[in-house]
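Me: Could you walk me through a structure that is new to me? I would like to ask a few questions as we go.

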Amino acid sequence: MINYKVTRVLLALLWVVVTSSTMLHAQSLQLWYDCPASQWEDTLPLGNGRLGMMPDGGINLESIVLNDITMWSGSSQDANNYEASVHLPKIRQLLIEGKNDEAQRLVDEHFVCEGPGSGGAQWGCFQVLGTLHLQVNHDVDESRTPHHYRRTLDIDKAVATLDYELDGVSYRREYFTGFGDDVGIIRLTADQPGKLNVRVSLSRPERFSTGTEGDELQFYGQLDNGVDDKGMRYLTRVRAVLKGGEQRAVSNNLIISEATEIILYVSSTTDFRNDNYLETSARLLATALEKTYDEHLEEHVSAFQRLFQRVSLTLGTSTRANLPTDERLVAFRENPEGDDELPALFFQFGRYLSISSTRVGLLPPNLQGLWANQIQTPWNGDYHLDVNVQMNHWHLDPANLGELNMPLAELVRGLIEPGARTAKIYYDAEGWVAHVITNVWGFTEPGESASWGVSNAGSGWLCNNLWEHYAFSKDTAYLSSIYPILKGSAEFYNSVLMEDPKTGWLVTGPSVSPENAFYLPNGNHANICMGPTIDNQITRELFTNVIEAASILGVDDEFSTTLKEKLKHLPPSARIGSDGRILEWLEEYEEVDPEHRHISHLYGLFPANQISPYHTPDLAEAAKKTLEVRGDDGPSWAIAYKQIFWARLLDGNRAYKLLRQLLTPTKETHINYGAGGGTYPNFFTAGPPMQIDGNFGGTAGIAEMLLQSHNGIIELLPAIPDAWKAEGEFKGLKARGNYTVDVAWKNGKVIHYRIASPEGGRVRVKVNGDIKEVEVQL
Ligand code: FUC
């Protein structure tokens with residue numbers, strides 16, 4: 001016991017000695033700019049998991065786009081086609097006969113959702129809440145240039161600032177969305193008394209009214225639910241607290257004159273799952289008004305840092321921290337050498353965005369996290385289930401934010417009931433299914449077009465996320481809470497599997513390999529098929545996980561036996577085609593677009609562990625060929641996915657090349673499906689348009705380059721690129737099994753590591769090429 005303690009003390013000392021001798025300085029976790037934002041994708045995202053604010057840093061006119069993650073139009077609906085299952089045998093027969101084009105026609109006629117699907121008002125859309133306008137009268141010639149302009153986002157504190165000097169007066173604005181009291185807070189100050197003259201107002205492109213109540217500015221309305229007058233309602237209240245000066249609310253404006261300090265409180269709620277939303281926003285505001293600014297700031301920063309500061313990462317040094325972030329991004333693209341801090345900043349920004357865009361008890365981040373500046377957000381700002389929402393969560397466990405998986409788990413739990421209806425109506429199946437898209441209203445029906453809408457992979461892929469959180473946390477209470485979701489999904493696949501007469505394998509059908517098309521021998525295109533590789537991989541993985549979960553929880557022996565039997569008849573995880581690539585479909589079809597953004601047939605490489613350089617080297621080689629043909633470009637999420645794939649293939653330099661590709665500066669906002677993804681000045685990633693999955697995927701990719709744990713062994717620096725080898729360290733990353741891992745390295749070699757777990761015990765680690773079994777720190 002004494003020896004053990006002594007060893008721990010020595011190890012701790014060694015850590016101090018090693019890390020201090022390497023002298024890696026703490027890197028600045030700040031984004032900064034020397035001029036106002038030129039477009040929304042240049043404004044600074046703040047969020048507390050529910051409310052968002054994006055200030056643009058305008059001096060005379062500042063626009064702060066406001067968001068609320070529950071701001072959804074639409075409503076729940078039954079878009080099931082009750083005739084669908086009548087056509088299922090015929091569709092399947094056509095697939096067996098190789099007449100996929102004819103099957104696709106039938107699917108379009110009878111097997112998609114009823115009505116306009118995601119194009120309909122009832123389906124809904126995540127929308128901007130509104131814009132808070134600050135019209136600031138500086139009382140000087142408007143053409144005078146301000147000095148010392150600087151706007152920043154400190155991602156270590158979740159606070160944005162703006163500083164400038166005009167006519168000898170120093171002005172400052174500070175903005176944060178409180179993690180403490182759940183209101184938005186903006187403080188404006190001037191270093192000379194009485195210099196602040198500000199008109200505050202609120203607007204929205206549609207469906208809003210404004211009013212005042214005393215000194216309170218109000219902004220409210222109701223969204224379109226596509227059916228009646230019961231759409232989502234919202235109310236935003238703004239109050240100002242002044243030092244010096246005076247305020248009056250006049251015709252929808254709050255007019256503040258000659259103040260020295262202004263603190264604006266923005267309290268906003270919707271009636272999403274809250275009939276008392278009016279009272280809630282009043283209560284939040286009243287509570288906020290009782291505290292001083294410093295109290296707010298302290299509570300906010302400490303609540304945020306409780307999550308954020310669990311991880312630190314240094315990948316090297318930078319000579320460019322003095323460059324504005326947008327210019328730094330351009331410089332990095334031209335020459336990454338000299339700025340190894342930038343990828344680490346991007347990694348921490350991904351963690352920052354997660355903490356800011358979701359919270360336990362509410363909604364998972366959507367396609368844009370919680371930020372949107374439009375009414376019609378691209379793709380409705382929804383939850384896409386054929387990679388996007390899953391990618392939004394891939395980094396959470398490795399980056400030590402595991403509890404932020406809970407909102408997704410709860411969203412998925414909400415799909416069981418509607419998904420069971422859809423399973424029954426379309427497939428006459430047990431369990432539950434969701435296809436390609438869902439929303440906050442529980443949509444599980446196929447999407448409106450056979451070309452993409454009937455993917456069977458959606459629900460099983462969601463179950464992968466839920467399972468992985470268990471693999472990382474080993475929390476059996478959590479496992480038992482998600483088990484019904486996993487089991488219900490396995491029941492669905494178990495009941496829909498059909499036999500492919502050619503091979504005898506059990507496969508899904510009709511389905512698609514997400515969004516991809518192939519040529520039939522007759523020259524026609526089709527998407528609809530049976531047994532796309534991703535479905536086979538997902539079915540295999542899900543059945544295996546459910547069998548393991550049932551055994552851990554001591555339940556469902558009989559169902560496990562059934563699944564074990566079915567597993568014997570599934571197609572192999574992956575098969576290699578005549579050109580050496582992984583086959584995407586059951587047949588060796590030629591794909592219409594060889595560089596298609598989706599690479600769904602490598603699901604087995606990541607997030608699953610069915611293709612691996614260790615246990616299936618041939619498949620791993622075939623995966624490399626597959627990636628070579630797909631190319632390195634695409635929307636940001638596709639680039640990030642490829643970064644992760646190459647990390648799993650243990651090729652750090654190639655993963656780094658993809659990361660560089662992801663960090664390509666762009667300002668484009670048009671919808672893009674092909675090459676051209678990148679990163680906006682504010683570090684949001686671009687499909688384009690802005691899509692947050694690229695941020696989260698890139699963050700997961702960096703974690704995967706530094707630490708892997710999916711083979712029953714913790715691998716330190718499995719795919720570290722040459723660029724980061726010189727010197728670096730991370731602290732607080734997580735490995736499967738509830739291990740917390742710290743590593744320091746020099747010249748590509750680990751010089752110190754520490755693996756901790758509340759359970760203690762021993763664990764196998766691969767370090768500098770050797771596999772060891774080591775004692776875990778408590
Ligand atoms: C998937 C992708 C698109 C886009 C959309 C939101 O369908 O194929 O590129 O990311 O989701």
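Predicted model: local features only at pLDDT ≥ 70, side-chain atom pairs only at ≥ 80, totals over all residues.

Me: How far is an N or O atom in the side chain of Glu-515 from an oxygen atom of the ligand?
Reply: A polar contact is a pair of N or O atoms within 3.5 Å; within protein, one must be able to donate a hydrogen and the other to accept it, and residues adjacent in sequence count only if both atoms are side-chain atoms. Trp-637 has a polar side-chain atom 3.0 Å from a ligand oxygen, and for the side chain of Gln-691 the distance is 2.9 Å. For Glu-515 it is 2.3 Å.

Me: And how much of the ligand's accessible area does the protein cover?
Reply: Accessible areas come from the Shrake-Rupley method with a 1.4 Å probe; for residues, only the protein chains shown count as cover. On its own, the ligand has 290 Å² of accessible area, and the protein covers 98%.

Me: Which helix gives the largest share of the lining of the largest cavity?
Reply: On a 1 Å grid over the protein atoms alone, a cavity is a set of points where a 1.4 Å probe fits but cannot get out, while a pocket is an open set with protein on both sides within 12 Å along at least five of seven lines; lining residues have an atom within 4 Å of a point. Of the 22 residues lining the largest cavity, the closest to its centre include Trp-394 and Phe-472. Helices (H or I, at least four residues) and strands (E, at least two) are DSSP runs, numbered from the N terminus. The largest share, five residues, comes from helix 11.

Me: How much space lies in the largest pocket?
Reply: Its lining has 23 residues, with Trp-467, Glu-468, Ala-471, His-710 and Arg-736 nearest the centre, and helix 13 gives the largest share, four residues. Grid points are joined across faces, edges and corners, and a volume is the space filled by probe spheres set on the points. For the largest pocket this comes to about 550 Å³.

Me: Is Glu-261 buried or exposed?
Reply: Glu-261 is in strand 16 (residues 261-270). Buried means under 20% relative accessible area, exposed over 50%, and partly exposed in between (1.4 Å probe, protein chains only). Because its relative accessible area is 10%, Glu-261 is buried.

Me: What does Asp-593 count as?
Reply: Asp-593 is found in the loop between strand 24 (590-591) and helix 15 (617-630). Since its relative accessibility is 32%, Asp-593 counts as partly exposed.

Conventions:
Residues numbered from 1 in each chain as written. Heavy atoms only, no water.
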